Amino acid sequence: MNNDDKKVRVELEFETIPDVKTVEIAKGDVDALLVIARAVAGFEHAHVFEHDSDDPLTGIGDRRAIVLLVHRCRHIAVEIRYDGDTKKHKFSPAATVLRILHWATGKQGFNLDANAAAKANLILPGADQPLPKDAMIGRYAGHADCAVTVDLTLKDFTNG
């Protein structure tokens, strides 16, 4: 077994900070990872989530790479506006925009039909492009209020 088999490549994303940091840690050294993640972020108290996970990180298993979000909020209150109505739901900061979009277009949200749901996107108020579907919602929600407001839109963004 060479040394590369004992290392894990970790991509760290942080709240509303645009930078992504990459570090390598020894496999199984989650405690060191948590210390590094909080130190790099500059947050003494923060939760570390795996991409699209509801719960804070407890282990990394036998993976060679992992994407994590460091966030001071345990949950993000997401307010989704559509057609004069508003729905609110709490998500993990690591929940992807796609998961939130599925919630918003589904029965718990605005209950859109399949055609409308296929066209749907989430966009920040005043923005001209939708949020990337693989992005974690915590990237758009600061720790001060642990909340973000988005608009559900059926606008076609494919032609610029």
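Helices here are DSSP runs of H or I with at least four residues, and strands are runs of E with at least two. With that settled, I opened the model, which is a predicted one.

**Entry: the elements.** I looked up the helices and strands. The protein has three helices and eight strands. I then read their order from the N terminus: β-β-α-β-β-β-β-α-α-β-β.

**Entry: overall dimensions.** I checked the box filled by the C-alpha atoms. Along the principal axes, this box is roughly 55 × 35 × 30 Å.

**Entry: burial and surface.** I looked up how much of the chain is buried. The protein has 160 residues, and 38% of them count as buried. The accessible surface of the protein is about 8,800 Å². Carbon and sulfur atoms account for 47% of that surface.

**Entry: contacts along the chain.** I took the contacts between residues at least 6 apart in sequence. Of these, 61% join residues at least 24 apart.

**Entry: charges.** I counted 20 positive and 24 negative charges in the protein. Their mean positions lie 1 Å apart.

**Entry: T96.** Where does T96 sit? I found T96 in the loop between β6 (85-91) and α2 (97-105). Is T96 buried or exposed? The relative accessible area of T96 is 7%. The cut-off for buried is under 20%, so T96 counts as buried.

Next I asked which residues T96 is in contact with, leaving aside neighbours within four places in sequence. I noted H51 and D52. I also noted K133, D134, A135 and M136.

Notes: Residues are numbered from 1 along each chain as its sequence is written. This is a predicted model: local features need pLDDT of at least 70, side-chain atom pairs count only at pLDDT 80 or more; totals for chains, interfaces and linings use all residues. Side-chain values use heavy atoms; hydrogens and water are left out. Buried means under 20% relative accessible area, exposed over 50%, partly exposed in between (1.4 Å probe, protein chains only). Contact means heavy atoms within 4.5 Å. Accessible areas come from the Shrake-Rupley method with a 1.4 Å probe; for residues, only the protein chains shown count as cover. Lys and Arg count as positive and Asp and Glu as negative; His and the chain ends are not counted. The place of a charge is taken as NZ of Lys, CZ of Arg, CG of Asp or CD of Glu.
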